[in-house]
Amino acid sequence: MIKFEIKGLEDYQNNYSKSVQNPEAFWGAIAKENFTWKRPWSKVLDWDFSSAKVSWFQGSELNITENCIDRHLENKGNKTAILFEPNNPIEPSEAITYNDLYKRVNRFANVLKSKGIQKGDRVCIYLPMIPELAISVLACARIGAIHSVVFAGFSASALSSRINDCDCKMIITSDGGFRGSKNIDLKSIVDTALLDCNGIESVLVVKRTNSEVSMVSGRDFWLQPLLDAASEVCEATVMKAEDPLFILYTSGSTGQPKGMVHSTAGYMVYTAYTFKNIFQYEAEDVYWCTADIGWITGHSYIVYGPLLNGATTLMFEGVPSYPDYGRFWSIVETHKVTQFYTAPTAIRALAKEGLEVVKPYDLSSLKILGTVGEPINEEAWHWYNNHIGKHKCPIVDTWWQTETGGIMISPIPNSFEGKPTFATLPFIGIQPALMDENGQEIEGNSVEGRLCVKFPWPSMARTIWGNHQRYKETYFSAYDQKYFTGDGALRDENGHYRITGRVDDVIIVSGHNLGTAPIEDAINEHINIAESAIVGYPHDIKGSALYGFITLKNPQDLSDSLKTEINQLISKHIGPIAKLDKIQFTLGLPKTRSGKIMRRILRKIACKDTSNLGDISTLLNPEVVEAIIKNSI
Ligand code: WTA
């Protein structure tokens with residue numbers, strides 16, 4: 001167990017002060033005492049926000065998998081590291097001990113090597129939530145290959161653009177994946193994607209569903225025979241602190257997704273430290289995060305953070321509604337889950353099903369509940385607190401981002417608790433700032449502004465793969481010497497933060513970040529469509545849903561099938577998660593005189609909040625607004 005617990009409010013305050021007054025001494029001590037290093041650092045922190053350059057623990061050498069696995073073998077070899085719960089409850093769950101994990105990761109790492117993968121090569125992973133997903137992530141890290149996990153709900157074209165963006169040499173996939181009653185043919189999606197990818201030399205295929213797949217000779221290989229032939233010993237490759245550990249794509253407000261690059265040492269230190277303290281993990285606990293490893297939450301708080309702490313981390317293959325809406329609670333009961341971490345959209349969907357699906361289950365093992373991904377509404381918070389936590393489990397409303405690598409603002413249950421809709425106080429070492437419209441920091445309490453961070457923290461992303469300029473512009477140019485999050489927030493009279501939501505063109509639908517630009521690009525591919533604008537509007541379950549305002553080249557081309565065709569295009573280019581809930585065809589979109597679509601107005605119309613649209617007289621075409629309001633859905 002990692003020895004760096006925060007022990008109550010006073011301890012939090014003392015550590016927070018130290019971390020701000022002397023960050024190098026603070027993080028240096030945490031890092032030194034709690035991890036295995038092959039060589040110490042010469043400098044804890046080096047940074048310059050004007051060039052967007054940050055390095056932590058420079059000069060040190062390590063391998064993160066030795067910290068996740070090897071060092072636990074002596075005392076915890078027989079402890080369950082990964083507890084796998086399959087989609088179908090009839091199939092038995094599988095407990096993978098630290099000893100097993102060591103062997104399986106090493107075998108997999110040797111297979112990667114045998115297929116020519118070397119340190120620094122990029123490996124794409126496109127797998128369902130099965131143990132091989134976590135194992136392949138760790139196998140890459142074992143040999144210093146950079147993993148790029150792509151969520152298995154993304155389409156072939158989203159997959160190929162991510163493979164090409166970082167020039168992956170290999171892809172790891174499966175014949176298919178089980179999701180509820182569905183069986184998804186992942187291999188055929190990969191086959192389609194690879195028609196557009198020249199750099200992939202080999203495809204490793206895990207057998208999961210036994211569905212028929214086509215295998216390209218010399219390129220595609222079933223994984224199991226290769227694993228069987230591989231040695232269970234694989235020396236961990238020595239990595240430098242700042243060597244990239246992984247790339248993970250996140251949507252931006254414009255075009256191409258951003259390949260956020262995370263480095264090794266800082267990410268390790270921060271995810272381990274936050275995991276221990278925010279989830280208050282104790283030796284016998286069974287921790288469960290319901291996210292998919294295709295997202296940052298899964299990277300940091302299913303795989304790395306828990307394993308760095310020698311924890312038991314549960315991985316669930318399925319969905320909350322299969323075979324019925326009691327599935328989550330049945331898993332909690334069966335495995336005596338102690339920490340449960342999910343998203344507001346899941347809480348709302350489950351709350352809607354009523355208490356009949358909760359009551360049959362014994363949830364008394366639970367100690368801490370967590371939420372992440374979007375602001376949690378008050379009603380969902382109370383439902384979670386009343387019916388799942390039964391008023392005895394602190395709720396950690398954790399605010400963070402793909403870019404931040406780890407949790408930034410959150411209650412720490414033994415130090416201070418949460419209150420509905422508040423992520424509360426910054427974690428140790430995190431220095432938030434709220435900014436006004438003039439780019440000035442807003443001091444004091446009871447204020448609202450745009451959320452920035454004014455000092456580096458160990459797990460921040462270091463760059464966007466292949467485009468440092470975009471990294472600098474996106475995150476460090478809006479406000480001088482500050483990292484800009486893209487979120488708005490308020491700070492109450494006690495200094496507690498409440499995140500109010502995105503202030504850019506990213507919309508969070510069911511916890512998934514979706515940039516409006518790529519969706520509009522997909523729609524505009526339709527031969528009959530002139531232009532489109534996507535905005536979000538409140539939705540009971542999804543938090544936000546998508547509303548598309550679309551103009552046709554020729555209004556007479558409007559057909560019954562057009563809406564379906566639009567959603568098909570979106571599914572093809574991005575994935576079904578980005579489908580529009582509402583589509584309104586209009587004769588024009590409100591534009592400024594410089595030709596920019598006024599999304600502000602469309603957003604208000606979609607939200608049915610048209611009483612005060614502000615000054616629209618400066619629009620190029622104010623007359624379209626009334627028609628849009630009249631025909632709005
Ligand atoms: C939003 C997920 C309110 C926020 C870890 C952020 C939240 C974006 C919360 C990042 C929260 C995440 N309260 N909003 N507790 N957690 N968000 O990159 O807008 O998938 O910028 O990382 O989700 O989403 P991402």
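In helix α12, the buried residues are Arg327, Phe328, Trp329, Ile331, Val332 and His335. The model described here is predicted. Several elements cover these buried residues of α12, including strands β4 (80–85), β16 (286–289), β17 (312–316) and β18. Helices α13 and α14 are also part of that cover. Just after α12, Lys336 adopts a positive phi of about 50°.

Helix α13 spans residues 344–352. Its buried residues are Pro344, Thr345, Ala346, Ile347, Arg348 and Leu350. The cover over them includes α12 (327–335) and α14 (378–388). It also includes the strands β18 (339–342), β19 (368–371) and β30 (543–552).

Thr398 lies in the loop between β20 (395–397) and β21 (432–435). Its relative accessible area is 3%, under the 20% limit, and Thr398 is therefore buried. Leaving out residues up to four places away in sequence, Thr398 touches Ile278, Tyr341, Thr371, Val372, Ile407, Ile409 and Ser410. Thr398 and Phe154 are 244 residues apart in sequence. In space, 25 Å separates the two, C-alpha to C-alpha.

In soluble globular proteins, nonpolar side chains tend to be buried together. The largest nonpolar core in this model has 120 residues. Within this core, Trp27, Trp37, Phe57, Leu101, Leu112 and Tyr304 touch the most other members. Leu112 is in contact with Ile117, Ala139, Cys140, Ile143, Met170, Ile172 and Leu204, with neighbours within four places in sequence left aside. A second core, of 42 residues, is separate. Among its members are Ile146, Phe151, Ile247 and Val509.

Another helix pair is formed by α18 (residues 599–606) and α19 (residues 623–630). These two helices pack at an angle of about 25°, and their axes are 10 Å apart. Angles under 35 degrees count as roughly parallel, and α18 and α19 are therefore roughly parallel to each other. Their crossing is right-handed. From α18, Ile601, Leu602 and Ile605 meet Val625, Ile628 and Ile629 of α19. By class, this contact has six nonpolar residues, no polar residues and no charged residues.

Definitions and conventions: Residues are numbered from 1 along each chain as its sequence is written. This is a predicted model: local features need pLDDT of at least 70, side-chain atom pairs count only at pLDDT 80 or more; totals for chains, interfaces and linings use all residues. Side-chain values use heavy atoms; hydrogens and water are left out. Axes are lines fitted to C-alpha atoms, for helices over the stretch in contact, and angles run from 0 to 180 degrees between N-to-C directions. Helices (H or I, at least four residues) and strands (E, at least two) are DSSP runs, numbered from the N terminus. Angles under 35 degrees count as roughly parallel, over 145 as roughly antiparallel, 65 to 115 as roughly perpendicular and the rest as oblique. A crossing is left-handed if the near helix is turned anticlockwise from the far one by less than a right angle, and right-handed if clockwise. Contact means heavy atoms within 4.5 Å. Ala, Val, Leu, Ile, Met, Phe, Trp, Tyr, Cys and Pro count as nonpolar, Asp, Glu, Lys and Arg as charged, and the others, Gly among them, as polar. A nonpolar core is a set of buried Ala, Val, Leu, Ile, Met, Phe, Trp, Tyr and Cys residues joined through side-chain atoms within 4.5 Å. Buried means under 20% relative accessible area, exposed over 50%, partly exposed in between (1.4 Å probe, protein chains only).
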